[in-house]
Every structure is written in structure tokens, then in C-alpha cells.
Amino acid sequence: MDQPLRVGDLAALTSATPRMLRHYENRGLIEAHRSSTGQRLFDPSVAEQVRSIRRLLAAGLPIEAIRELIGCIHDTDRLEPCAVPLLVDHLHAYDGRIAELTSTRDALKGLIDASRG
């Protein structure tokens with residue numbers, strides 16, 4: 001049986017900081033058990049979950065969305081089909097934000113071009 005990981009060991013395995021791991025635990029993304037001295041102990045399988053969480057954060061998903069997707073994370077490189085509707089919603093939201101930013105950029109560029117005569 002694999003030995004439980006302390007927060008520092010899990011941090012070293014996942015390139016997350018201990019502070020990030022405590023934050024993920026506080027937000028319900030990962031679960032730790034406590035030793036008799038109160039030290040956080042993580043199941044070794046949590047390392048893959050942390051890698052997936054970091055990948056989803058890097059993709060722009062907020063923690064609340066990731067918490068909804070926890071049941072759809074079983075592999076670092078692939079999410080289960082249950083993740084698709086939420087991911088599509090976030091993709092559409094980003095597309096909308098990109099369109100708004102593009103419009104704002106174009107308006108700004110027009111003002112600059114007009115002021116240059």
C-alpha cells in the first residue's frame with residue numbers, strides 16, 4: 001500500500017506550492033486526512049488530481065467550475081464526457097469576451113488613426 005503524502009511531498013510531486021494545496025483542500029477540490037499531530041496527509045492518487053486541477057486552472061476555469069468537474073476527472077490528460085457541457089459554456093463565455101475585447105480594440109485603433117490625421 002502506498003504511504004500517505006505530506007503536503008510538502010505532494011507539492012514536490014505536482015509543482016504546486018503547499019499554500020496552493022491547502023487552498024485546494026479548503027475549496028473542496030482535494031481531500032486530506034489528518035495525522036494524530038494534525039498534519040495533512042494525502043492519498044498518493046491526489047497527485048494526479050492536483051495536476052488536473054492545475055491544468056484546468058491554466059485553461060482559465062475558475063475554482064467553482066473545477067469543483068463541479070471533480071467527478072469528471074479520472075485522467076490528467078482527458079476529462080470524462082460529463083465535463084463537456086460546462087467546458088462548452090466556458091468556451092462560449094471566452095468567445096464573447098474575445099469579441100468584446102476585439103471591438104474595444106478596433107474602436108481604440110480607430111480613435112488613434114483618426115487623431116493622426
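Is E25 buried or exposed? E25 is buried, with a relative accessible area of 15%. Buried means under 20% relative accessible area, exposed means over 50%, and partly exposed lies in between (1.4 Å probe, protein chains only).

The model is predicted: local features need pLDDT of at least 70, side-chain atom pairs count only at pLDDT 80 or more, and totals for chains, interfaces and linings use all residues. Residues are numbered from 1 along each chain as its sequence is written, and side-chain values use heavy atoms, with hydrogens and water left out.

**View 1. E25 and its contacts.**
E25 sits in helix α2. Helices (H or I, at least four residues) and strands (E, at least two) are DSSP runs, numbered from the N terminus. Neighbours within four places in sequence aside, E25 touches I30, A32, R34 and R40. Contact here means heavy atoms within 4.5 Å.

L21, Y24 and E25 are the buried residues of α2. They span an arc of only 100 degrees around the axis, which puts them on the same side of α2. The arc is that of the directions from the helix axis to the C-beta atoms. The face turned away from this buried side carries the exposed residues R19 and N26. The cover over the buried residues of α2 includes α1, β2 (33–34), β3 and α3. After α2 comes G28, whose phi is positive, near 85 degrees.

**View 2. The buried side of α1.**
In α1, the buried residues are V7, L10, A11 and T14. They cover an arc of only 105 degrees around the axis, which puts them on the same side of α1. Among the elements that cover these buried residues are β1 (5–6), α2 (18–26), β3 (40–42) and α3.

**View 3. Where α1 packs on α2.**
The axes of α1 and α2 are 9 Å apart, and the packing angle is about 105 degrees. That makes α1 roughly perpendicular to α2. Axes are lines fitted to C-alpha atoms, for helices over the stretch in contact, and angles run from 0 to 180 degrees between N-to-C directions. Angles under 35 degrees count as roughly parallel, over 145 as roughly antiparallel, 65 to 115 as roughly perpendicular and the rest as oblique. From α1, V7, L10, A11 and T14 meet P18, L21 and R22 of α2. By class, this contact of α1 with α2 has five nonpolar residues, one polar and one charged. Ala, Val, Leu, Ile, Met, Phe, Trp, Tyr, Cys and Pro count as nonpolar; Asp, Glu, Lys and Arg count as charged; the others, Gly among them, count as polar.

**View 4. Where α1 crosses α3.**
Helix α1 (residues 7–14) and helix α3 (residues 46–58) have axes that come within 10 Å and cross at roughly 55 degrees. The two helices are therefore oblique to each other. The crossing of α1 and α3 is right-handed. A crossing is right-handed if the near helix is turned clockwise from the far one by less than a right angle, and left-handed if anticlockwise. L10, L13 and T14 of α1 meet V46, A47, V50, R51 and R54 of α3. Five residues of this contact are nonpolar, one is polar and two are charged.

**View 5. Where α2 crosses α3.**
The axes of α2 and α3 come within 12 Å and cross at roughly 90 degrees. The pair is therefore roughly perpendicular. M20, L21 and Y24 of α2 make the contact with V50, I53, R54 and L57 of α3. The contact of α2 with α3 has six nonpolar residues, no polar residues and one charged residue.

**View 6. S15, between two helices.**
S15 lies in the loop between α1 and α2. Its phi is near 60 degrees, a positive value in a residue other than glycine. S15 is exposed, with a relative accessible area of 57%.

**View 7. D9 and P44.**
D9 belongs to helix α1. At 32% relative accessibility, D9 counts as partly exposed. D9 and P44 are 35 residues apart in sequence and 9.7 Å apart in space, C-alpha to C-alpha.

**View 8. A99 and A114.**
A99 is part of helix α5 (residues 84–116). A99 is partly exposed, with a relative accessible area of 49%. A99 and A114 are 15 residues apart along the chain, and their C-alpha atoms are separated by 22 Å.
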